[in-house]
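Trainee: I would like to learn how to read the features of a structure that is new to me. Could we go through one together, a feature at a time?

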Amino acid sequence: MRVYGLKTCDTCRKALKLLEGSDFIDVRAQGVPDAVLAQALKRFGEALLNTRSTTWRGLDAEQRKKEPLELLQEHPTLMKRPLVEKDGALYLGWTAETQAALGVG
């Protein structure tokens with residue numbers, strides 16, 4: 001299992017405590033593989049973009065018009081977190097639904 005997020009994100013830390021033995025990928029330092037981003041975008045659509053983030057607020061109107069995949073490649077911290085990959089399936093956020101699907105919480 002892989003968890004994509006930020007090491008400074010409280011939600012990601014909560015997830016990691018319950019997902020023992022998972023590989024953590026810090027999107028700021030390591031990024032997200034293009035194949036994973038494309039799969040996540042196909043699955044979650046624009047919900048993958050965190051439009052309430054500091055990064056989003058720092059973008060000008062022209063930058064916000066870019067395609068979501070291009071934005072996420074340029075600014076990986078725009079991704080909602082955590083993104084969990086388990087057995088080829090993707091889960092977004094640390095909701096009760098995600099926790100139940102992963103068998104934790």
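**Cysteines, sheet and cores**

Mentor: Let us start with the cysteines, keeping in mind that this is a predicted model; by the distance rule for sulfur pairs, the count of disulfides comes to zero.

Trainee: Is Cys12 buried or exposed?

Mentor: Cys12 counts as buried because its relative accessibility is 1%, and Cys9 is buried too, with a relative accessible area of 11%; the cut-off for buried is under 20%.

Trainee: Turning to the strands, in what order do they form the sheet?

Mentor: As a general idea, strands of a sheet pair through backbone hydrogen bonds, either parallel or antiparallel. In this model four strands form an open sheet, ordered β2-β1-β3-β4, with mixed pairing. Strands β2 (23–26) and β4 (89–92) are the edges, each pairing on one side only, and from one strand to the next the twist averages 20°.

Trainee: How many bridges join strand β1 to strand β3?

Mentor: Three bridges join β1, which covers residues 2–5, to β3, residues 83–86, and these two strands run antiparallel. Within this pair, Val3 stands opposite Val84 in β3. Helix α3 (residues 34–44) packs on the sheet, where it touches β1, β3 and β4, and its direction makes about 65° with that of β4.

Trainee: Which residues have the most contacts inside the largest nonpolar core?

Mentor: That core has 22 residues, and those with the most contacts inside it are Tyr4, Val32, Leu48, Leu72, Leu78, Met79 and Leu83. Helix α3, helix α6 (68–74) and strand β4 each supply at least two of its residues, with α3 giving the most, four residues.

Trainee: What is Tyr4 in contact with, leaving aside its neighbours within four places in sequence?

Mentor: Its partners are Ile25, Val27, Val32, Pro33, Val36, Met79, Pro82, Leu83 and Glu85.

How values were computed: Residues are numbered from 1 along each chain as its sequence is written. This is a predicted model: local features need pLDDT of at least 70, side-chain atom pairs count only at pLDDT 80 or more; totals for chains, interfaces and linings use all residues. Side-chain values use heavy atoms; hydrogens and water are left out. Two strands pair if DSSP finds at least two bridges between them. Axes are lines fitted to C-alpha atoms, for helices over the stretch in contact, and angles run from 0 to 180 degrees between N-to-C directions. Contact means heavy atoms within 4.5 Å. A nonpolar core is a set of buried Ala, Val, Leu, Ile, Met, Phe, Trp, Tyr and Cys residues joined through side-chain atoms within 4.5 Å. Buried means under 20% relative accessible area, exposed over 50%, partly exposed in between (1.4 Å probe, protein chains only). A disulfide is a pair of cysteine sulfur atoms within 2.5 Å.
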